[in-house]
Amino acid sequence: MDHPQPHPQPRPQSRPLPKAELHLHIEGTLEPELAFALAARNGVELPYRDTEELRAAYRFSDLQSFLDLYYGLMAVLRTAEDFTELADAYLARAAAQGVRHAEIFFDPQAHTARGVPLGTVVEGLGAALDRSEERHGVSTRLIMCFLRDESAESALATLEAARPYLDRITGVGLDSAEVGHPPAKFREVYEAAAALGLRRVAHAGEEGPAAYVREALDVLGVERIDHGLRSMEDPELVSRLVRDRVPLTLCPLSNVRLRAVDTLADHPLPSMLAAGLVVTVNSDDPAYFGGYVGDNFDAVRATLGLSPDQLRLLARNSFEASFLDDDEPRRARYLAEVEAHDFDGA
Ligand SMILES: Nc1ncnc2[nH]cnc12
Ligand SMILES: [Zn+2]
């Protein structure tokens, strides 16, 4: 008797490379559609007619031109539920692009300055993070950033105000307009954060010089550098970063949109990998810069010709650089997923 030939099985959709996202501003995940929905719900008038007009405004000449729009659009975020919805939408998108662990930045001063209490922000984000593993399969940490173009006193007051919420906060970071606001301005608040047992990271070398990267390490005692692009201008610093295995959280599509590099083809990621730097790939503000973290991986693969081994190294770095030190079995599971990942010959 003839056995029927099995039908050819449809090729399973290739699964995205498992990765951690370590450089992600939750406010930078505010998509135009959600911004308009929240504006309607909260009675906030936006200076754009519709999502199309808003998207058309996403043409930036530098970091400051982006920050002006970014802080302006935050006006729609008012209630704890708004922050929950924002974070939940990010986690769903991130999970679909292979994110297994996310260390999420937020900017408390950008909200408290508008009269939104810190507790509203932290509790709102926390509600989404609490159910993230169950709902999206993504473990999370929260990192509170100080705005470096605000005063050191304001940063200290923010840390003080965060005391009741420290069980939800893993670390502190430093972001916003870099040039003219060197890391040393925040020595005291970083010392206080360290004394509270908080982990420390800082943006440095995005638009600012390599000297800011050195200062972030020497004065603030940071464990990771966010961006760190301009470290490449200082060979001695590069040797130090390689020797000490200091992770750099790169954001390639952000660097193109904010004109830190001319084109993606000019991005120093391949030279940074070749130099032995511990680099990771992240999305920064994905709603504004044309893609989430998987899109950043796809773009560097396509444009910079990264090999499967290099992509796997980036993913491995992301878990090794993460603040999963309090859960080594989980980190080991994630790393095993990376090693087992099949690129389908791509
Ligand atoms: N790329 C970036 N640099 C500095 N501060 C930021 N805040 C949000 N995105 C930022
Ligand atoms: Zn950033």
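L250 stands opposite V281 in β8. The structure is a predicted model, in which local features need pLDDT of at least 70 and side-chain atom pairs count only at pLDDT 80 or more, while totals for chains, interfaces and linings use all residues. Residues are numbered from 1 along each chain as its sequence is written, and chains are lettered from A and ligands numbered from 1 in the order in which they are written.

β7 and β8 pair in the parallel sense over four bridges; two strands pair if DSSP finds at least two bridges between them. Helices (H or I, at least four residues) and strands (E, at least two) are DSSP runs, numbered from the N terminus. In β8, V278 and T280 are buried on one side, and V279 and V281 are buried on the other. Here a residue is buried if 20 or more other C-beta atoms lie within 10 Å of its own, exposed if 12 or fewer, and partly exposed in between, with C-beta atoms placed from the backbone. Strand β4 (residues 171–175) has five of its five residues buried: G171, G173 and D175 lie on one side, with V172 and L174 on the other. Its parallel partner is β3 (residues 139–147), and the two are joined over five bridges. Within this pairing, I143 has G171 as its bridge partner in β4.

Two loop residues show a backbone feature worth a look. Most residues other than glycine have a negative phi. D284, in the loop between β8 (278–281) and α14, has a positive phi of about 70° although it is not a glycine. R245, in the loop between α11 (235–243) and β7 (247–250), also has a positive phi, near 50°. How do their surroundings compare, buried or exposed? D284 counts as buried because it has 29 C-beta neighbours inside 10 Å, whereas R245 is exposed, with 12 other C-beta atoms within 10 Å.

D284 also belongs to the set of residues around ligand 1, together with H25, G28, L63, D175, S176, H203, E206, S254 and D285. A residue counts as near a molecule or strand if its C-beta atom, placed from the backbone, lies within 6 Å of it. This shell has one nonpolar, five polar and four charged residues. In this grouping, Ala, Val, Leu, Ile, Met, Phe, Trp, Tyr, Cys and Pro count as nonpolar, Asp, Glu, Lys and Arg as charged, and the others, Gly among them, as polar.

L63, another residue of that shell, is one of the buried residues of helix α3 (residues 63–73), along with F66, Y70 and L73. Seen down the axis of α3, these buried residues fall within an arc of 100°, so they line one face of the helix. The arc is that of the directions from the helix axis to the C-beta atoms. The buried residues of α3 pack against α1 (32–42) and α14 (286–289). A contrast comes from A336 in helix α17 (residues 328–340): A336 is exposed, with 11 other C-beta atoms within 10 Å. The C-alpha atoms of A336 and L73 are separated by 40 Å.

For the whole picture, the protein chain has 17 helices and eight strands. Of its 346 residues, 46% count as buried. Along its principal axes, the C-alpha trace spans about 85 × 55 × 40 Å.

Definitions and conventions:
Two residues are in contact if their C-beta atoms, placed from the backbone, lie within 7 Å.
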